[in-house]
Amino acid sequence: MATKESQNIVKRFDAWLDDDMTPQRAVISYAVLFMYFMFLLFPILYIVVATFTGPSSLYSSNIIPDLSAVTLENYVAVLSRGDFIRYAQNSIIIAVSTTILTLTMGSFAAYSLSRFEYPGRKPLLLGYLVTQMFPWVLLLIPFFLLMFNLGLIDSYFGIILAHTAFALPFATWLLKGYFDDIPESLADAGKMDGCSELQVLRYVMLPLAKPGLTVAGFYTFVLSWNDYLAVSVLTQTAAVRTLPFGLQLFQSQNQVNWGLTLTAATLTMLPVIVLFALVQEKVIEGLASGGMKGS
């Protein structure tokens with residue numbers, strides 16, 4: 001009886017697979033993928049689980065934390081810190097503003113590079129690409145001097161400009177690829193109906209490039225949200241610092257409170273995970289359909 005039931009399970013599993021995939025190959029593939037993702041996700045899962053345990057469990061030698069005494073003390077302690085809440089507000093303001101500014105400027109730049117021929121167009125495209133070859137740390141000192149001369153040190157606008165400068169080249173290249181794929185006849189039809197160039201961009205190009213806008217927006221938001229280097233150089237007080245900087249709140253000169261630090265790290269990455277869950281279909285669609293072409 002058990003053998004017959006096992007055979008039925010194998011048959012149903014085989015029917016669920018593609019024609020060129022055998023059950024044996026599928027089992028091996030899923031086993032390898034399971035081990036890979038466990039290796040990748042285990043540190044993150046450990047951090048999340050550890051935030052619900054006390055110090056005795058956290059500092060023990062057990063790999064798996066003791067869940068017999070689940071507690072929310074770490075979350076209460078972190079969320080009761082006024083500095084942490086202010087850093088969270090700063091992160092939201094800076095990341096959202098950077099995303100809006102990057103998408104706005106990137107859309108205009110990509111539309112111009114995709115639809116118009118003018119002197120310096122190709123060197124400009126090459127310049128966008130070259131900026132991505134420099135590591136951030138090499139550009140931080142010039143950025144500091146520029147912002148200092150503009151009087152933008154320790155200000156939201158200075159950090160937003162820096163993050164936009166880092167994210168704009170990738171967003172422009174990505175959106176240009178999507179605009180290139182949209183038939184020019186659609187834009188011509190819009191112009192025949194009386195649309196201006198701005199109206200063609202607003203009502204024809206941008207709606208058709210939604211997957212590209214989603215990918216560029218998600219990339220920009222994550223870049224700005226997770227940035228530590230630029231914020232540490234361009235700020236001098238806690239007034240405009242962001243969540244990655246806030247992880248230092250829970251460590252002193254000689255001691256690190258790992259329970260609170262891990263909890264703060266979990267709360268810091270939570271908005272990015274929620275955002276990806278909301279836009280994952282568009283992000284995957286955008287990445288699968290390409291958009292990095294340039295000429």
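**Figure 1. Overall fold of the predicted model.** The protein has 14 helices and zero strands. This is a predicted model. Read from the N terminus, the order of elements is α-α-α-α-α-α-α-α-α-α-α-α-α-α. The radius of gyration is 25 Å, well over the 19 Å that the globule rule gives for 295 residues, so the protein is more spread out than a compact globule. The C-alpha trace spans about 70 × 65 × 35 Å along its principal axes. Of the 295 residues, 36% count as buried. The accessible surface comes to about 17500 Å², and 68% of this belongs to carbon and sulfur atoms. Among contacts with a separation of 6 or more, 73% are made by residues 24 or more positions apart.

**Figure 2. Confidence along the chain.** The average pLDDT of the protein is 85, and 92% of the residues score at least 70. Confidence is lowest in helix H1 (residues 2-16), where the mean is 69. The highest value belongs to helix H5, at 93. Where pLDDT is low, the predicted coordinates should not be read in detail.

Figure 3. A search of the whole structure finds five salt bridges, and the pair of Arg-86 and Asp-83 is one of them. The closest N and O atoms of this pair are 3.2 Å apart. Both residues belong to helix H5 (residues 82-115); they are three residues apart, which means a separation of about one helical turn. Side chains of opposite charge can pair when their charged atoms come close. Arg-86 counts as partly exposed because its relative accessibility is 34%. Asp-83, at 30% relative accessibility, is also partly exposed.

**Figure 4. The salt bridge between Lys-176 and Asp-180 in helix H8.** Lys-176 forms a salt bridge with Asp-180, and their closest N and O atoms are 2.7 Å apart. Helix H8 (residues 156-181) holds both partners, which are four residues apart, about one turn of the helix. Is Lys-176 buried or exposed? Lys-176 has 0% relative accessibility and therefore counts as buried, the cut-off for this being under 20%.

**Figure 5. The salt bridge between Glu-197 and Lys-191.** In this pair the closest N and O atoms are 2.9 Å apart. Glu-197 counts as partly exposed, with a relative accessibility of 32%. Lys-191 also counts as partly exposed, at 36% relative accessibility.

**Figure 6. A nonpolar patch on the surface.** The patch is formed by Trp-16, Tyr-30, Leu-33, Tyr-36, Phe-37, Leu-40, Leu-41, Ile-44 and Leu-45. Together these residues have about 910 Å² of accessible area. Which helix gives the most to the nonpolar patch? Helix H2 (residues 23-50) does, with eight residues. Tyr-30, one of the patch residues, is found in helix H2. Tyr-30 counts as partly exposed because its relative accessibility is 44%, below the cut-off of over 50% for an exposed residue.

Figure 7. Ile-47 has its place in helix H2. The relative accessible area of Ile-47 is 24%, so this residue is partly exposed. Which residues are in contact with Ile-47, leaving aside its neighbours within four places in sequence? They are Leu-262 and Thr-266. Ile-141 is 94 residues from Ile-47 in sequence, and the C-alpha to C-alpha distance between the two is 34 Å.

**Figure 8. A positive phi value at Asp-154.** Asp-154 lies in the loop between helix H7 (136-150) and H8. Phi of Asp-154 is near 65 degrees, a positive value in a residue other than glycine. With a relative accessible area of 23%, Asp-154 is partly exposed.

Technical notes. Residues numbered from 1 in each chain as written. Predicted model: local features only at pLDDT ≥ 70, side-chain atom pairs only at ≥ 80, totals over all residues. Heavy atoms only, no water. Salt bridge = Lys/Arg side-chain N within 4 Å of Asp/Glu carboxyl O. Helix = DSSP H or I, 4+ residues; strand = E, 2+ residues; numbered from the N terminus. Buried < 20%, exposed > 50% of the residue type's maximum accessible area, 1.4 Å probe, protein only. Patch = residues over 30% accessible without salt bridge, like charges linked within 9 Å, V, L, I, M, F, W, Y side chains within 5 Å. Areas by Shrake-Rupley, 256 points an atom, 1.4 Å probe, with all protein chains shown as cover. Rg over C-alpha atoms; globule rule 2.2 N^0.38 Å. Contact = heavy atoms within 4.5 Å. pLDDT = per-residue confidence, 0-100.
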